[in-house]
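Reader: Could you walk me through the charged side-chain pairs here?

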Amino acid sequence: MKNITILTALLFSASAFSQIGINTSNPQAVFNIDAAKDNPSTGIPSLTQQSNDFVVSSSGNIGIGNTAPTRKMDIVKTTGGALKITDGTEGNNKIFVSNPTGIGTWQNTSPAVVITSTIGTSSAIGTAYTYMGSSATVTIPGYYVISPRLIVDKAPTSCGSYIAYNLSTSQTIATNAAYPSQDAHFSSGTLYDFMYSSNIGYLQAGTYYMIVRYSGGCTSYDSRANAGQNSFTLILLK
């Protein structure tokens, strides 16, 4: 008899108001569970009363502890630890990180995240961006210490006035660049040009390519191809 009564109440609520309330005659959304049965019969529940509610809104948003969700998942809790995700990658002091398709996993933040790029190739560098062949994939977005290593052989002696580089998610243009306002510039040398330094830049998640250009005026301007002379390292700041 009790089950029939509950079913009848649900059907009446759904047909009369296009809303379903469980433990409440005053549903605040399309579907509203009042776990503690403490919502008022009219009006909007208080924050304390909402704290034990679960709702699904007409826009498909889910509210937990919140009867008016504004996001697909909107959780309100007055103390820490509102969300728990246990998938086998969890651990102490980890952070939750998304991959390019939005799938999240727990990632280590300690020890420090150090990423070493692939080794670049021997390439003729021009005055427009040239991809050096070295790349690295960032999974945790944040501020990184970026340390390039590049030596370029050139002719004739003392040609050119500067060499500049950036990290980009494109091999041809500065997209999501580590230095959005200006490339990192280095003074030209006599027999060859080189970049050995460290700068700080913000990197989103994705694969980054080292792109290089120079001021021009040389008959030849070619990069070397080994780890110590054509690559880069990224260190995530804490």
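This is a predicted model: local features need pLDDT of at least 70, side-chain atom pairs count only at pLDDT 80 or more; totals for chains, interfaces and linings use all residues.

Reader: How many salt bridges does a search of the whole structure find?

Author: Side chains of opposite charge can pair when their charged atoms come close. A salt bridge here is a side-chain nitrogen of Lys or Arg within 4 Å of a carboxyl oxygen of Asp or Glu. The number found in the whole structure is 3.

Reader: Which residue forms a salt bridge with Arg224?

Author: The closest N and O atoms of this pair are 2.8 Å apart. Arg224 lies in the loop between strand 16 (220-223) and strand 17 (230-236), and its partner is in strand 10 (residues 142-155), so the pair ties together parts 71 residues apart in sequence; strands are DSSP runs (E, at least two residues), numbered from the N terminus. The partner of Arg224 is Asp153.

Reader: Are Lys154 and Asp193 buried or exposed?

Author: Their side chains meet in a salt bridge (2.8 Å, N to O). The pair links Lys154 in strand 10 with Asp193 in strand 13 (residues 192-196), 39 residues apart. Buried means under 20% relative accessible area, exposed over 50%, and partly exposed in between (1.4 Å probe, protein chains only). Both Lys154 and Asp193 are buried.

Note on methods: Residues are numbered from 1 along each chain as its sequence is written. Side-chain values use heavy atoms; hydrogens and water are left out. Helices (H or I, at least four residues) and strands (E, at least two) are DSSP runs, numbered from the N terminus.
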